Amino acid sequence: MKYRITGFKRSFGIILAAVLAVAVGSVVYWQKVTNRLAIDARQSIVIVSRELTENFERLLGAELQVLTALSVSLEEPAALDSKPQLITYLNRQNRRNSFEMTGVQFPDGETVFSNGQTQQNFLSKEEEATAYEHSHYVSSRRKDPFSKKDILVLAVPLRANGEKLGLVFATQPVVFYEQALASSSMHGEGLSFILTKQGDIVISYPEVPFDNLFDFSQKAVFDKGLSAEQMRRDINFGKEGLTGYSVNGNHRFSSYRPLAYNGWYGLSVLPTQSMAEKAQELMLMSLVLCLSIIAVLVVLLIFILRLQYQSSKALYKMGFVDPLIEGDNLNAFRMKFAKAEQGLKEKGLPVALALVNVNRFKAVNDIYGFEQGDQILKQVAEALQTGLEEGELFCRSGADVFLLLLACPDRDELGRRLDALLDRAGRFCRTGGECLPLSLTCGVYVIDEDVPFYIMMDRANLAWASAKQHAGRSCAFYDEAYRREIVNEKRIESSMEQAMLNGEFRIYLQPKCDFKTGITRSAEALVRWEHPEKGLIPPDRFIPVFERNGFVLKLDLFILEESLRLLKRWLEEEKPVVPIGVNFSRLHLEDPSFIETLSSMADQYGVPHSLLEIELTESVVFGNLERMKQVIDGLHEKGFSVAMDDFGSGYSSLNVLKNLYFDCIKLDKEFLAKGEGNPRMRQVISGAVEMIKGLGSSIVAEGVETKEQAEFLSRIGCDMAQGYLFSRPLPAGEFEKRLQDETKK
Ligand code: C2E
Ligand code: CA
Ligand code: CA
């Protein structure tokens, strides 16, 4: 099924596109996040290095201030006079501040420490000079002479009235500063350095296994556009800066800023790896989220597709599959029709549409039940289907109707093929070993015109209807003449009501005469349609149509009423009166109030019932004997006489007549025609007449046209003649005149 494949292809495409979009999105997202994090890392390292330098400067500044305050307190000349006193003082001060040790170095180089020790030239002459020049001095890293710890020495000049009295100094272990640096080390992830301009490490946190950063940075691989040289140059010129490099494959950002002391630098290092790890973690989380969303979407999509597939399958089944034969229905047939037709035509074969119907299938259902009925239909369908050739189509279009699209190389050939096919399909039907007398009828339209499908169906249907009308034919081909006939029938139907209102139906009377004298003994009322455009239409053209649509019921009563009106007038005017025979269609027999209606109408006009003869045709009589007997008895009870019309036209059984009493039997004109020049037939006719006479019915011979006929009929015992030899059917006025003329004679 095509719809299914395209649906899956489309969905697969959607899934693929979604996965691709997510992949591309992930890559772009990855890059963006990495870039963003790199920018963030750079920004934060700059901030960290600023923090580092500021903290360190603030710390040194504060320590130098403390030292300055100490120097001010020592400016009193007396304070320096006694060494033991000075040491005691320093010692006391020392306990108040955070220094390891304090001391004074006199201009002569003598150095006194708060621990009571003395030394010569603890600070060199250059250091002393620097301290005087800048009013303060911070030393490089050096060893404490007593504890051997790494320390820094801070010094400020000691002056009194402009006179240099020496230097006040303090020592502070490097560890102390390291702790101060720890706060700027980004929670232990980064590194903080205080460097000299030459790259020598003054302080680092945490400790590192090298002394000079510039030396170390020779091993690093710098980012594009950056170099160790540039960093060195920046630091030389007192510029702040930012650099990036990798050591052993680990990337780092580093920011450096000059410090206000000794031309030193504060430098912070931050490994980007931790950033990348964060990014990766973020990415991974995003990816997991994306994948779960995709997974949910895919599951949803599959679910929707499944649902869609199931519902379209169900819809297809509902719309295109016949539930009984589990094959194509009319919709499917129509869908495939154009292509199949084209295919057959391409083989150079004319194409025909055949409609097959099981005759009287309702009876099969009634007798065997629906279940068996269904089984039979299935078998018929199977048989028809197996008769198909390549490229031909088959469907069940309705209850017991099947359609076939067939190749039609030749009408006769197709006719034979279909006859055989229908025969086989009919024979197949066995239920419980019993074979049903199943017959099928088929209408064929050889497609000779480019008309819509429904018109083809109509034509095949028309052909079928015509096959059905002609008993004994199982197959009929559509032809134009038949169609015109049907169109004509439709026209008749559409104008009949109005014709009745317009009084276009007229009563004609045909005399039934005495053979010898030719005198009118009674009459038959016959209808004529005086059409304003088409002229006089004979009843054979419209009565069958009216029989089919039921209008004949109305028409018969109208002719009855016209007859009653005539009789009434003749009686009133005391004119010669004869009984009138009125034709009644078999349809009246289904009306339980038929007899009552006739009786009350006759009474309404005050016409004696004996003046009416009810003509019922032979085929009706043998249709339902039970009902017939009821009707005949009922009519007799009301005083009407009853005639059997068209005797000898069909399946007359003289035996039946023994059970039904007719006042009159009318011999059909065809029956008589058969006797013409046929002595055996004449014998049959005379035998029948004799028998009828024996039953007590009178006999009217219809269609008497010649004297010989009249002679023969009279001789064998017919009572009356109705035929052109005596008179044609006459308009009421002419008939009346004929009666009057006869009485005058
Ligand atoms: P039907 O009842 O057998 O009527 C006799 C038909 O034979 C009439 O044809 C009549 O004109 C015709 N006929 C009479 N004599 C001759 C003759 O010598 N030679 C030939 N060839 N024909 C002759 P019509 O009037 O055309 O009626 C045809 C049929 O129409 C009637 O056959 C009857 O079955 C039906 N019909 C006519 N009027 C009515 C009616 O009012 N109601 C019903 N239900 N059927 C009617
Ligand atoms: Ca008749
Ligand atoms: Ca007749």
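How do the residues of the lining of the largest pocket divide into nonpolar, polar and charged? The legends below take up that question and several others, working through a predicted model.

**Figure 1. The largest pocket and its lining.** Here is the answer to the opening question: the lining has 17 nonpolar, 10 polar and 16 charged residues. Several helices and strands each supply at least two lining residues, among them the strands β22 (520–531) and β26 (641–647) and the helices α13 (539–549) and α19. Others that do so are α14, β24 (580–584), β25 (612–617) and α16 (618–623).

Figure 2. Let us step back for a moment to see how the chain is divided. Domain 1 covers 74–176, domain 2 covers 330–485 and domain 3 covers 503–744. Between the C-alpha centres of domain 1 and domain 2 there is a distance of 128 Å.

**Figure 3. The largest nonpolar core.** This core holds 79 residues, and the members that touch the most others are F505, F546 and L667. Which helix gives the most to this core? That is α14 (residues 551–572), with 10 residues. As a general point, nonpolar side chains in soluble globular proteins tend to be buried together. A close look at L667 shows contacts with F647, L672, V689, I692, I699, V700, A701, E702 and C718, once neighbours within four places in sequence are left aside.

**Figure 4. A second, separate core.** Apart from the core in the previous view, there is another one of 34 residues. Its members include L52, L154, L158 and W264.

**Figure 5. The largest cavity.** The model has two cavities of 30 Å³ or more, and this view shows the largest, with about 70 Å³ of space. Its lining is made up of L672, G675, E676, R682, I685, Q709, F712 and L713. Two or more of these residues come from each of α19 (669–675), α20 (679–695) and α21 (707–716). Of the elements, α21 gives the most, with three residues. Sorted by class, the lining has four nonpolar, two polar and two charged residues.

**Figure 6. The second largest cavity.** The volume here is about 60 Å³. Around this cavity you will find L213, F216, S217, A220, F222, M231, Y245 and S254. Helix α5 (residues 213–217) provides the largest share of the lining, three residues. How many charged residues does this lining have? There are no charged residues, alongside six nonpolar and two polar ones.

**Figure 7. A cis peptide bond at P206.** Y205 and P206 are joined by a cis peptide bond, with omega about -10°. In general, most peptide bonds are trans. P206 sits in the loop between β9 (201–205) and α5.

Figure 8. S135 has a phi near 60°, which is a positive value in a residue other than glycine. S135 is placed in the loop between α3 (125–134) and β4 (137–138). K148 also has a positive phi, near 60°, and its place is in the loop between β5 (142–143) and β6 (150–160). Is K148 buried or exposed? K148 counts as exposed because its relative accessibility is 54%, over the 50% cut-off. S135, at a relative accessible area of 42%, is partly exposed.

**Figure 9. F662, a buried loop residue.** F662 belongs to the loop between α18 (654–657) and β27 (664–667). With a relative accessible area of 1%, under the 20% cut-off, F662 is therefore buried.

**Figure 10. A721 and the residues it touches.** Strand β29 (residues 720–722) contains A721. This alanine counts as buried, so its relative accessibility is worth noting: 0%. Beyond residues up to four places away in sequence, A721 touches P511, K512, C513, F515, A701, V704 and F726. E711 lies 10 residues from A721 along the chain, and their C-alpha atoms are separated by 11 Å.

Definitions and conventions: Residues numbered from 1 in each chain as written. Chains lettered and ligands numbered in written order. Predicted model: local features only at pLDDT ≥ 70, side-chain atom pairs only at ≥ 80, totals over all residues. Heavy atoms only, no water. Core = buried A, V, L, I, M, F, W, Y, C linked by side-chain atoms within 4.5 Å. Buried < 20%, exposed > 50% of the residue type's maximum accessible area, 1.4 Å probe, protein only. Helix = DSSP H or I, 4+ residues; strand = E, 2+ residues; numbered from the N terminus. Contact = heavy atoms within 4.5 Å. Domains from an automatic or database assignment. 1 Å grid on protein atoms, 1.4 Å probe; cavity = no way out; pocket = protein on both sides within 12 Å on 5 of 7 lines; lining within 4 Å. Points joined across faces, edges and corners; volume = space filled by probe spheres on them. Nonpolar A, V, L, I, M, F, W, Y, C, P; charged D, E, K, R; others polar.
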